[in-house]
Amino acid sequence: MTATAPGALNTSSTDHAPGHWGPKLWAVLFVAGLAMFLDALDVSMVGVALPSIGSELGLNTESLQWIVNGYILGYGGLLLLGGRAADLLGRRQVFLVALVVFGLASLAGGLVDDGALLIASRIVKGVAAAFTAPAALSIITTTFKEGHDRNRALSIFTVFGATGYASGLIVSGLLTGIDWRLTFFVPVIVVAGVVVTAYIVVPRNIEKEKGRIDFAGAALLTGGMLAGVYTIVTAPEKGLTASVIATAVIAVALLSAFFVVETKVSHPLVRLSIFKVKSIVRANLAALAIFGSYISFQTIVSLYLQNTLGWEPLKMALALAPAGIIVAILSPVAGKFIDRYGTTPMIIASMGSFVLGYIWFIAFGGSADPTYVVDYLPAFLLLGLGFALGFSATMVQATEGIADHEQGLASGLVQTSGQIGGAVVLAVVTGLISGGAATSIAQYRPGLYLVTVVALVGLIASATALLARRQVVAEAA
């Protein structure tokens, strides 16, 4: 139930006819989509700017990956808290406050001259995104009815992400040639516009869900993730030293304590029984495989094309842009495909496309005299196709059958899986590619093999689920 805030439009998942969207619904979808646009914009812009940042601030590959992973850890570590806060405190309130923090952190990142401070600003920015992202997604899933309307809305939501990603590549390619700091200032301008628009069009919750926020669970989960990823990052460089072993033990202890706490508290951060729903588990595994493989792949490609081949930032950005363009073109019709074929076949097709894309780049991307149209473009198109088919289907599968009062939890959970996958796989990839001089593709091949395996595991998991379901149907028949 919702009430209209001063100047806000009133919408709910029950006040519109199926398939008919008025201006109010489009306005809410537009604002929620802008949060997705911001996140994708930031990820792609920073990915292009990494070599320039490292050159000016004197950061090596291990330090550079923390600029990406700092954001991912702040994001992934608190997404569940952000989703639960949206349920309990009100989606509009959480959305607006977090957007302001996001903008301030981005501004700070563009002003600092120290690598550690830049990483700190990225962590804060990720924390803010951990509240905006599930709030935006739960605004959509509670506004649009489950089924055709929600599938269509989430498909359009994906278009915003694809547009943000493609725009970030091109804008960052242009701005990095002038000064990489400009890539941190652009999101500030976008945030200002989104905050004003969101205040006007997003409805305010009249009744908040009952319960309390599980701060203990959030602290244990975030601490466990930080310790775990730090262990994965430092172990290849330092070996099994006492400090590495200690952080590994701390990670296991904190994460174990998290699961214990969640079974004891009256209002857990994560209702563990939600994992009994197999479709939700599969959706979270798919998110882990998609983001775990692609974030690392983008980092590898950015470093290889710019540092090894000597490409300018804009040239590298334009090379990757077709992936985002494919997502923007195909995502609007993804909802129709989901209606017709279901989410699982869509996810299988998505993971298959990712696997083929990575294999293509491994096979042809390291040639001595590469031709873009033959060696790189097919791989990037396949990856764009993978996102177009898989992202909306994963979001739909992760939130199907979930009551409105837990949509924030379900939204935060699937996004957390994606961010955890991105952080952990990137940490391992960094350890695999950081040794030796970047003189050829050989240095990056171990990382490319790993991202391919991650995508392949996602494909096998989804395909196995589909085969098992068909077997049950056959036996019942």
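At 29% relative accessibility, L330 counts as partly exposed, a class lying between buried (under 20% relative accessible area) and exposed (over 50%), with a 1.4 Å probe and protein chains only. The model is predicted, so local features need pLDDT of at least 70 and side-chain atom pairs count only at pLDDT 80 or more, while totals for chains, interfaces and linings use all residues. Residues are numbered from 1 along each chain as its sequence is written, and side-chain values use heavy atoms, with hydrogens and water left out.

L330 is placed in helix α10; helices (H or I, at least four residues) and strands (E, at least two) are DSSP runs, numbered from the N terminus. Apart from neighbours within four places in sequence, L330 is in contact with L385 and A388, where contact means heavy atoms within 4.5 Å. The C-alpha atoms of L330 and F387 lie 9.5 Å apart in space, and the two residues are 57 residues apart in sequence.

Two packed helices are described by the angle between their axes and the distance between the axes. Helix α10 (residues 313–341) packs with helix α12 (residues 372–399) at an angle of about 35°, and their axes are 7 Å apart. Axes are lines fitted to C-alpha atoms, for helices over the stretch in contact, and angles run from 0 to 180 degrees between N-to-C directions. The crossing of α10 and α12 is right-handed, that is, the near helix is turned clockwise from the far one by less than a right angle (anticlockwise for left-handed). By class, this contact of α10 with α12 has 19 nonpolar, three polar and no charged residues. Ala, Val, Leu, Ile, Met, Phe, Trp, Tyr, Cys and Pro count as nonpolar, Asp, Glu, Lys and Arg as charged, and the others, Gly among them, as polar. The residues of α10 in this contact include L318, P322 and I338, and those of α12 include Y372, G384 and V396.

A second pair is formed by helix α4 (residues 115–143) and helix α5 (residues 148–176), which pack at an angle of about 150° with axes 9 Å apart. α4 is therefore roughly antiparallel to α5, a term for angles over 145 degrees. Here too α4 passes α5 in a right-handed crossing. From α4, L137, I140 and T141 meet R150, A153, L154 and F157 of α5. This contact has five nonpolar, one polar and one charged residues.

The protein chain as a whole has 14 helices and two strands. Of its 477 residues, 57% count as buried.

How values were computed. Angles under 35 degrees count as roughly parallel, over 145 as roughly antiparallel, 65 to 115 as roughly perpendicular and the rest as oblique.
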